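Me: I would like a close look at one part of this model, the place where the two chains meet. Please keep it plain.

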Amino acid sequence: MIGSETGRVGLGSGQRWGAGSNVEGVSRVDVVVCGAQKPFMYGGAEMHQENLVRALQAAGHRAELVRLPVAWEKDRLFDSPLAWRLCPIDADLVIATNFPSYFVSHPVKVVWLFHQHRGAYDAVDAPWNDIGSDDVSLETQRLLTEWDARALGEARHVFTTSSVVADRLLRYTGLQGEPLHHPAPLMPELLEAGRGGRFDDYVFCPTRLDASKRPGKVLEAVAVARSGVRGVVAGRGVLADALAHQAKQLDASDRFSLPGFVSDADLVGLYADALAVVYAPADEDYGYVTLQAFAAGKPVITSADAGGVLEWVEDGVTGFVTDGSAEAMGAAIDTLAGDPERARAMGAAGRDRVQGLAWEPVVRRLVEAAGVA
Amino acid sequence: MTSTRDRRALPHGVAPEFVGLLLGRSPTPALVALLGEITRRYPVVAAAGIEPERLAGCIWYADWRTPPEGVPVAAWLGDEADAAHPVSAAARLRIADRPVADAVVIPPDTAHPDSAPVAPHVRRRLRAARGLPAVAIGSADGESWTWSGEPVGASLRDTVAANASAVTAVGNEAVRALAWGAPTVTDAETADTLGLPPGAALVADDPERRAALAAELADDDRLSAGLSWAARRHYEQRHDLGWVALQVLSRLVGPAAASRPRRRLDTVLASLGTGPGHPVAGRAHALVGDLPDRPHEETT
């Protein structure tokens with residue numbers, strides 16, 4: 001729900017790449033962006049890969065996206081890394097992104113790490129993870145850590161999407177990664193719409209409705225808030241029915257709506273007129289929602305364990321960082337409901353943080369790190 | 001501009017599948033050991049007796065003959081004259097049994113062939129799974145090892161090196177700690193003898209200071225993880241003949257010839273530190289199944 005209709009970085013006024021980019025003097029290189037994909041899943045990572053290809057093309061390079069499927073079960077976990085290892089890729093440069101695309105073998109490899117297989121690392125105790133404490137699991141974890149260190153260590157440079165991903169990389173493999181921030185989808189549209197936006201009586205959260213995104217926190221906060229502010233959570237996922245049921249249980253159905261999938265235009269509109277965005281995922285890698293909220297000039301209410309969101313949200317300045325409890329998040333909602341000017345000021349501060357994000361410097365940095373242009 | 005790999009135009013049906021030798025002197029023990037490792041992946045033959053098109057690479061040592069044109073060369077540097085020879089100057093890489101010029105140094109053997117790197121977060125889960133303490137420091141002095149201060153027999157040295165939160169080690173047994181990727185604290189003499197670069201181990205000459213540093217490592221995931229991987233990399237480069245031989249071969253001949261898919265698969269696995277006996281290798285070969293190893297092999 002972050003621009004899922006098209007997934008494209010908008011070409012609205014004030015766009016930062018495409019029109020106006022100077023390709024004169026740029027040494028054109030052939031770049032293959034490597035990405036892994038779980039069949040039938042499409043989300044932030046896939047959008048990011050596609051936007052990177054477009055940005056490379058806009059900068060004058062020839063760029064293509066190559067994806068191979070991935071399986072996450074431990075008995076098939078090493079199949080895709082080996083497949084990448086055996087893939088012959090004829091290009092001047094490969095930019096590898098998510099696990100296990102960085103296993104690609106190429107003399108000029110740059111990694112822009114979205115994530116490793118978190119089931120072997122910080123998410124080892126997650127309910128969805130099949131890496132247990134038996135001998136096979138432990139050897140799987142040991143081997144994957146070794147393979148990751150070798151494959152990532154081959155790169156000319158390792159970038160990460162955020163400081164959170166860089167810290168995980170350091171903590172588990174001992175390797176250094178340099179955070180390289182990029183714009184979220186629909187930023188130009190949101191910057192434009194946010195200028196004229198209202199601060200209405202609802203808080204907004206666009207997200208996938210699954211456990212890692214914790215959409216229930218929005219509902220619980222709204223149910224506790226005394227100001228009567230409504231909650232709108234747009235998105236699809238396995239928790240849709242459970243959330244609707246929980247809203248009834250909390251007697252909050254009249255203040256909580258689940259519109260499901262919304263178009264890009266509706267998404268922009270929902271951001272633009274929200275009082276604030278409430279977004280408290282569990283240890284997020286980067287957090288497009290945060291950037292989109294700020295582009296729309298909205299403060300973000302989050303939790304202290306939200307991961308990459310915290311790289312942008314500063315407590316009391318661009319939003320609130322709470323302990324994640326319904327009471328604390330509800331109180332933050334009430335604070336903003338009672339002081340819309342404060343919400344506006346926080347949103348403006350957030351906008352200042354993100355409006356400089358652009359693809360041109362990202363592309364320049366990636367190609368420069370490869371040493372090929 | 002699309003870069004291309006170094007590909008020679010080959011006659012139809014010919015694949016470069018041998019490593020040739022041009023030896024003008026008897027090979028040194030280190031060169032013999034290296035050749036032994038190379039023969040595990042490529043047949044090694046006298047270069048003079050085979051068509052150049054069938055050579056994937058050539059190892060030259062003080063020979064009066066010039067390697068065939070277009071064949072990548074690794075030049076063994078026995079002495080300064082070898083280093084100054086035109087063949088060495090033009091070689092793809094230079095190899096030697098001691099630090100000389102820009103040569104890759106070939107270790108005499110593989111010190112701990114059964115070792116594998118165990119990262120700190122995996123060590124923690126291993127200890128938990130086995131009901132061991134959350135923090136346990138290993139220590140090696142001379143040939144003697146301890147686990148949380150208790151002496152252990154020689155048969156448990158690898159176990160300690162692979163499972164401890166951190167290891168203090170002086171003397172040659174530090175190599176065992178490095179081999180298993182243990183976050184290691186040693187003394188200056190050991191660090192100097194082993195040629196440890198900064199970041200491969202912490203250094204302190206006072207035993208109590210070493211113990212304190214090891215205890216701090218147990219609480220410092222980031223520093224431990226960095227030391228663990230750096231330790232293993234140093235071990236591979238200085239004490240693992242098999243690993244160095246693989247790197248020499250990779251630089252010399254590039255990816256294994258496409259006419260040998262299984263060799264390519266084994267080379268790829270080896271480049272990830274995974275030998276043919278590992279279950280993952282078994283699965284990979286099972287997936288290849290009945291595919292012939294050479295395109296023109298008959299299956300009937």
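Which residue's side chain meets the side chain of Asp135(A) in a salt bridge?

Reply: That residue is Arg130(B), and the N to O distance is 3.3 Å. A salt bridge here is a side-chain nitrogen of Lys or Arg within 4 Å of a carboxyl oxygen of Asp or Glu. This is a predicted model, in which local features need pLDDT of at least 70 and side-chain atom pairs count only at pLDDT 80 or more, while totals for chains, interfaces and linings use all residues. Residues are numbered from 1 along each chain as its sequence is written, chains are lettered from A and ligands numbered from 1 in the order written, and side-chain values use heavy atoms, without hydrogens and water.

Across the interface of chain B and chain A, the rule finds four salt bridges. Between the two chains, 13 residue pairs are in polar contact, both residues at pLDDT 80 or more. A polar contact is a pair of N or O atoms within 3.5 Å; within protein, one must be able to donate a hydrogen and the other to accept it, and residues adjacent in sequence count only if both atoms are side-chain atoms.

On the side of chain B that touches chain A, helix 4 (120-129), helix 9 (221-239), helix 11 (261-271) and helix 12 (279-288) of chain B each supply at least two residues. Helices (H or I, at least four residues) and strands (E, at least two) are DSSP runs, numbered from the N terminus. Helix 9 of chain B gives the largest share of that side, eight residues. By type, the side of chain B that touches chain A has 18 nonpolar, eight polar and eleven charged residues. Ala, Val, Leu, Ile, Met, Phe, Trp, Tyr, Cys and Pro count as nonpolar, Asp, Glu, Lys and Arg as charged, and the others, Gly among them, as polar.

The contact (heavy atoms within 4.5 Å) takes 43 residues from chain A and 37 residues from chain B. Together the two chains bury about 3300 Å², with 55% of it on carbon and sulfur atoms. Buried area is the accessible area (1.4 Å probe) that two parts lose on being put together, summed over both.

One residue of helix 9 of chain B is Arg232(B). Its relative accessibility is 6%, so Arg232(B) counts as buried. Buried means under 20% relative accessible area, exposed over 50%, and partly exposed in between (1.4 Å probe, protein chains only). The side chain of Arg232(B) makes a polar contact with the side chain of Ser115(B) at 2.9 Å. Not counting residues up to four places away in sequence, Arg232(B) touches Arg150(A) as well as residues of chain B, including Pro117(B), Leu178(B) and Asp240(B).

On the side of chain A, helix 4 (residues 163-173) is largely enclosed by the rest of the structure, because eight of its eleven residues are buried. Among them are Val164(A), Arg168(A), Leu169(A) and Tyr172(A). The buried residues of helix 4 of chain A pack against helix 4 and helix 9 of chain B, and also against strand 4 (109-113), helix 3 (135-153), strand 5 (157-160) and strand 6 (178-179) of chain A. Just after helix 4 of chain A, Gly174(A) takes a positive phi of about 75°.
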